[in-house]
Amino acid sequence: MSNLVSIQSILRCPGCKSSSLIVVKTDDEIVCETCGDKYPVSYGRPVFLRPDNSIFNRDDYRNLDSPVPTTGNSKWRALIPEASLNLASQRLLTRLRKELEKITDATVLVVGGGCQRTWLGDLLRPDDTIKIVYTDIDVAADVDLFCDGHDLPFVDNAFDAVVTTAVLEHVLYPECVAEEIIRVLKVGGLLYSELPFMQQVHEGAYDFTRYTLSGHRRLFNRIAVIDSGMVAGPGTTLVWSIENFVLAFTVRPVLRKISKVVIRIVFGWLKYFDLFLKDKPAAMDGASCTYLFGRKMAGQIPDSEIIASYIGAKHMQHL
Ligand SMILES: [Zn+2]
């Protein structure tokens, strides 16, 4: 969705939180009539960042040379085989689409959309029935609007579904972002979330935390879980571990890229063990990444129920 007018009714000022008061005044600016703050628009994409954001500066978005900057890594990326499997997203997002097709004018929020528009669009098939709003804070992301997940610029209960994949490990305060996601999701609305567990640092300085499946469930304890499990299992964890063991010996970019290609060609097949391990409880304790699919409840799941829902191999044993 790129038409601002179609989502204007669900926008709110990330600063003063006022709703229905943000007006498109000119082509390159949105003004909050309540607090007077002015948000720039970059290539039709509003930049809903509070002026007191200490990490991201509005001017970095305003002064872009092109809407989607190229990274220059595409040739290398094409050479490097994938280190991971994804056992969940296709099945769960197809299920999400079927649920959303039952709703008139269903609207989906993607938090941390990055460059997922093509991939997610293929699975969710946005049309007159399903509309998708892509958001991210990354200046290079292909989004409909830029925002900080800690201050989502939407009114409460705005969306029929939220999709967030491998994003919350990159935010400073994941519980705040999870709270924001829950806030903008309608009661009964659907969440699909992926979160890494046994993965090494990626995205450099913007990588802060990891979650077990139990931690993932606690983070979203307003979500009644329909399905949960592993996105990628211990096979993927093993490929990442071998790769990062070798990468530990050098910071030189060329050597690191060559190492990645060689290791993934030699050891990449180990990830296919995940196909065998995906339904084994013991494998969950070493999963590379987990997923959660469920509906927002009016209330909250008790902590005792989250602990009871643990599906790994060991119960209260340090063995
Ligand atoms: Zn305002």
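Start by selecting residues 234–247, helix 8, and residues 253–267, helix 9. Their axes come within 10 Å and cross at roughly 145°. This is a predicted model. The crossing of helix 8 and helix 9 is right-handed.

Now show side chains. On helix 8, pick Val 239, Ile 242, Glu 243, Val 246 and Leu 247. They meet Arg 256, Ser 259, Lys 260, Ile 263 and Phe 267 of helix 9. Colour this contact by residue class: six residues are nonpolar, one is polar and three are charged.

Next, zoom out to the domains. Colour residues 4–62 as domain 1. Taken over C-alpha atoms, the centres of domain 1 and domain 2 are separated by 23 Å.

Where do the two domains touch? Look along the boundary: 16 residues of domain 1 are in contact with 14 residues of domain 2. Stay on the domain 1 side. Select strand 4 (45–48) and helix 2 (58–62); each supplies at least two residues of the side that touches domain 2. Which element gives the largest share of that side? Strand 4 does, with four residues.

Ten of its residues are nonpolar, two are polar and four are charged.

How values were computed:
Residues numbered from 1 in each chain as written. Predicted model: local features only at pLDDT ≥ 70, side-chain atom pairs only at ≥ 80, totals over all residues. Axes fitted to C-alpha atoms, helices over the stretch in contact; angles between N-to-C directions. Left-handed = near helix turned anticlockwise from the far one by under 90°. Contact = placed C-beta atoms within 7 Å. Nonpolar A, V, L, I, M, F, W, Y, C, P; charged D, E, K, R; others polar. Domains from an automatic or database assignment.
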